[in-house]
Amino acid sequence: MAADPGLKLRVLLVEDDPLDAELVLDQLRGDGMVFASRVVDDEAGFRDALTAFEPDVVLSDLSMPGFSGYRALDILREQAPRTPFIFVSGTIGEDAAVEALRRGATDYILKGRLARMAAAVRRALREAADAQARDRAESELLRAQRFESLALLAGGLSHDLRNILQPLLMTSSMIASSDDPELRKHGELVGDCARRGLEMVASMLSFARGARVEIERVRLAALFDALAMLLRGSVPRTVTLNFERPDEDLVLEGNQTELQQCLLNLCLNALQAMPDGGTLTLSAVSSQLDETFFGEDESPAPGTYLKLAVRDTGIGMSEQVRSNLFRPFFTTKSDGTGLGLLSCKRILTNHRGYLRVESALGQGTTFTLYLPLSAIETVPEATVLSRGRGERVMVVAEKAGKLTMLFDCLDLNGYAVTTAQSGTEALQKIAAIGMPQLLVMDADLNQMTGIRTMAALLERGFAGPLVLLERPERRIDRDGLPPVERIRFVEKPVSVPILLRTVREELDIAEGAEPAPADAG
């Protein structure tokens, strides 16, 4: 809406008398207003003008043969509730004026007092602009409230999903240590899925709360292979999948789960944009970006980037759709959330990257991602974990599921394991069977806190190493810990290889030996 009267307005005049219409328009011109106008005198013409002319303000006579101002007002309020409507009548009684305002008219002016016409139009435009501003503010507030609700939902879901995925991760490591090659293969697959699931939980929290996620070395060829496997069941027969696989040595710094999530989202969108079939192409090449590449709202960072392109030959997008792509909750899908592309943009920002979109109706769409390239590095092969030699290990954790998984993990890898579900039970068992050589304890103990349990163990002569399991967001104050001779911290959710390596290293140090080399037993 052109709220500034200095701009060219679109004025729609509903009037059946050409002379009266000219007097009204001359009054506006005489007051310095610049506008385009259209005059109609029936319902069909009025409806057509609302669609084709899109007026900023409507001026209407009250009564005309075969049409009325009240009818025009009702139609306008249905189609454009915020557009100002001013009655301009030769005679309008008090009752008629009240009825006009009640039905949504902005103002009314007598034809014998047209001098205040321009002032009334200006005031109506200002009020309409203010109303639109309030609408936008309310809309943004609703979006903010929905984001806040998403953050609360993400927090609750992450807690539940971690409890489900962590046992899978621990169990998979035990399966992966089997002598059966086929079973090991399945264990590695389950472990990889569980780990990616936990990283997706972190990504969900990152989207809702702005938290950072772990950065790692991502090999592009492996990322492409994973995407191809995930898309295998989603690609229609009418669509050709063309993955231009990058060099094996092409590596970038980032979070593989987030990048996989971003590319998968773009690929699925591309498939949906090709209902009649086509070609989906994913390519990755290095590219040099100079100062001219960056927009006014971007921080220039010239250098070498990975150029990732997701290209489809589908229906393409209109200019209106492209302009709203990254607006929260905007979607063209009946079952869409309007958050997928916003999440992609957030992932690119987290990776110090940039995003470009090219699209035309009937010609397809290309999303191009630019990510800073890291130096090529050799990724070391996974280390085979060392096994225990019957050392006595006690595990203290309140949750039965976690306790069972920790027990199985250590027991199947050669340790003599005793369990306790509280600090009190741990002290009772130590009194009965003696001190363990190493203690694995969950920091989140409620009945008897981890710190109190440590202090009580020290009083009873515990001298062995302690492995404490803690959440990154709930780290224990290191300065407030009892003087345990050796203590190691392992982050939850627990990685079985890290736990087993830590236990082995601490026991070797306690025995006065160098940490044992990895063995295949």
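Phe293 is buried, because its relative accessible area is 19% and buried means under 20%, with exposed over 50% and partly exposed in between (1.4 Å probe, protein chains only). This value comes from a predicted model, in which local features need pLDDT of at least 70 and side-chain atom pairs count only at pLDDT 80 or more, while totals for chains, interfaces and linings use all residues. Residues are numbered from 1 along each chain as its sequence is written, and side-chain values use heavy atoms, leaving out hydrogens and water.

Helices (H or I, at least four residues) and strands (E, at least two) are DSSP runs, numbered from the N terminus. Tyr370 counts as buried because its relative accessible area is 9%. One aromatic cluster is formed by Phe293, Phe294, Tyr305, Tyr354 and Tyr370. Arg356 lies over the face of Phe293, 4.3 Å from the ring centre; for a charge to sit over a ring, NZ of Lys or CZ of Arg must be within 6 Å of the ring centre and within 35 degrees of the ring normal.

Another arginine, Arg504, is found in helix α14 (residues 496-510). Arg504 is buried, at 3% relative accessibility. The C-alpha atom of Arg504 is 9.7 Å from that of Glu391, although the two residues are 113 apart along the chain.

How many disulfides does a search of the whole structure find? The search finds zero, where a disulfide is a pair of cysteine sulfur atoms within 2.5 Å. The closest cysteine sulfur to that of Cys344 is in Cys262, 3.6 Å away, so it is too far for a bond. For Cys267 the closest cysteine sulfur is also in Cys262, but at 9.4 Å it is too far for a bond. Cys344 is buried at 3% relative accessible area, and Cys267 is buried at 0%.

On a 1 Å grid over the protein atoms alone, a cavity is a set of points where a 1.4 Å probe fits but cannot get out, and lining residues have an atom within 4 Å of a point. Grid points are joined across faces, edges and corners, and a volume is the space filled by probe spheres set on the points. One cavity of 30 Å³ or more is found in the whole structure. The largest cavity holds about 30 Å³ and is lined by Leu439, Met454, Leu457, Leu458, Phe462, Leu466 and Val484. Helix α13 (residues 450-459) gives the largest share of this lining, three residues.

Two loops remain. Glu54, in the loop between α2 (43-52) and β3 (57-60), has a positive phi of about 50° although it is not a glycine. Arg352 has a positive phi near 55°.

Definitions and conventions
On a 1 Å grid over the protein atoms alone, a cavity is a set of points where a 1.4 Å probe fits but cannot get out, and a pocket is an open set with protein on both sides within 12 Å along at least five of seven lines; lining residues have an atom within 4 Å of a point. Rings of Phe, Tyr and Trp (its six-membered ring) pair if their centres lie within 6.5 Å; planes under 30 degrees apart count as stacked, over 60 as edge-to-face and the rest as tilted.
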